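Please examine the sequence and the structure shown below before reading the questions.

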Amino acid sequence: MNGPRIPLGRSHLLASNVMREARRAGLPADNLTPLGSLRRCAADVGDVSLLAVAPPAAHGEVLDGFLALPFVTAVLARLPSFVEAATDRGRVRLHVSAPEDAGAALVWHTGARRHTEQLQAWATKTGLVLRDGLLSRPNGALVSTPDEEEVYRQLRLPFIPPELREGLDEIDVAARGALPTLISRADIRGDLHMHSTWSDGRDSIQHMVLAAKQLGYEYVAITDHSERSYASRKLLALEIPIQREEIDMLRSRISGIEILHGIEVEIMPDGSLDFDDSQLEQFDIVLASLHDDRGDDRARLTERYVRAMRHPLVNVITHPANRSPALSPGYDLDYDRLFDAAVQTGTAMEVDGAPGHLDMDGVVARAAAEAGVPIVIDSDCHRADALDRQMRFGIGMARRGWIQAGHVLNTRGVDAVRTFVARKRGAERGAR
Ligand SMILES: [Zn+2]
Ligand SMILES: [Zn+2]
């Protein structure tokens with residue numbers, strides 16, 4: 001069953017709706033849990049599947065109850081252990097498992113195929129059999145696994161977080177006891193990338209800041225698009241002082257959260273920046289980005305980024321690949337060169353949580369952190385009610401990249417962010 005890939009944002013919405021409807025209808029099962037690439041927080045998802053846990057006697061009732069939910073437009077498959085339904089928003093598959101096998105079922109249906117195959121081989125070495133969502137002894141006796149922790153415990157491995165189950169080196173690293181403590185949402189103290197009505201955001205700065213404060217952030221940066229960016233609306237150079245006045249006014253009225261006046265400045269074809277230095281140095285933080293390749297190849301795109309990073313006023317490169325999950329892979333870049341430049345110049349690179357980007361992700365994010373690149377994780381949000389959801393997507397991408405809190409600038413207080421900016425500006429002044 002290889003249908004088209006679905007962007008994470010859309011599949012996440014579909015799964016959330018299904019879970020809510022199932023709860024509302026009183027489906028006789030414990031909470032439904034997303035499975036597969038959705039649970040691993042992959043930027044694009046193969047199919048939306050969920051697990052329901054219920055006693056075996058209730059499995060038929062759960063599966064039929066699911067197929068009778070109002071959003072189901074057609075029944076595509078009905079088997080004893082799973083059903084598949086068509087809905088207005090895409091296909092959904094529901095698996096069902098007994099409570100004592102829930103852990104093995106979750107492990108079985110969550111990991112990428114390569115991870116599951118490696119885990120099967122590992123299980124064989126430890127004298128167990130992992131197959132079809134069940135863990136058993138070679139004589140066929142089932143091993144009770146009420147949760148995933150128990151599965152890994154039986155396999156004499158530490159728990160491997162879902163986002164790492166890609167079939168890379170995670171089992172070897174786990175066996176050595178060397179898995180990192182991955183970053184989590186609670187580590188994030190501020191959000192350094194969001195838009196307001198000054199560019200293509202839907203909500204006012206005040207609205208964004210109040211929503212961010214509600215989330216417990218200590219600081220935010222308002223970073224609208226610069227004048228010549230590829231955005232539907234942008235901040236004009238002559239509006240910069242007026243926007244700053246508004247931010248100053250909000251600073252005096254809203255306590256308990258710091259507002260940084262930032263900008264997402266466009267990198268021009270020659271690697272220069274959309275605003276000039278006298279304009280840029282008025283901002284508290286400068287994010288630089290490419291939204292259009294203008295027909296450039298790998299070498300030229302990489303060069304544009306490197307030039308931008310060498311600019312003393314550029315602090316963060318946002319969504320470097322500028323990809324669109326399930327639609328476009330984005331730019332082909334020489335990441336090693338970008339990472340070298342980022343480390344040398346003291347420039348951070350971003351893990352962007354906007355569903356239209358989700359970039360850097362997985363292997364690239366991991367390589368960046370390993371190279372010592374400072375990382376920021378942002379929502380790149382254009383509406384206040386999505387600030388949390390998009391930050392969570394960003395966290396998911398970062399976890400897929402094995403990223404820990406210590407790699408990430410915005411797990412630190414606002415003073416650390418200001419110092420990060422000042423150091424690059426000061427280093428340049430010192431060198432002059
Ligand atoms: Zn952008
Ligand atoms: Zn943005």
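This is a predicted model: local features need pLDDT of at least 70, side-chain atom pairs count only at pLDDT 80 or more; totals for chains, interfaces and linings use all residues.

Residues are numbered from 1 along each chain as its sequence is written, chains are lettered from A and ligands numbered from 1 in the order in which they are written, and side-chain values use heavy atoms, with hydrogens and water left out.

Q: Which residues are the protein donors of the zinc ion (ligand 1)?
A: Donors are N, O and S atoms within 2.8 Å of the metal (3.2 Å for Na, K and Ca); water is not among the atoms, so sites may look incomplete. The protein donors here lie 2.1 to 2.2 Å from the zinc ion (ligand 1). They are E264 (OE), H291 (NE2) and H319 (NE2).

Q: Which residue bridges the zinc ion (ligand 1) and the zinc ion (ligand 2)?
A: The two zinc ions lie 3.3 Å apart. The residue that bridges them is E264.

Q: Are H291 and H319 buried or exposed?
A: Buried means under 20% relative accessible area, exposed over 50%, and partly exposed in between (1.4 Å probe, protein chains only). By this definition, H291 and H319 are both buried.

Q: Why is strand β12 largely enclosed by the rest of the structure?
A: Strands (E, at least two residues) and helices (H or I, at least four) are DSSP runs, numbered from the N terminus. Strand β12 covers residues 258-266. It is largely enclosed because, of its 9 residues, the number buried is 8.

Q: How many bridges join β12 to β13?
A: Two strands pair if DSSP finds at least two bridges between them. β12 and β13 run parallel, and I263 stands opposite V286 in β13. The number of bridges joining β12 to β13 is 5.
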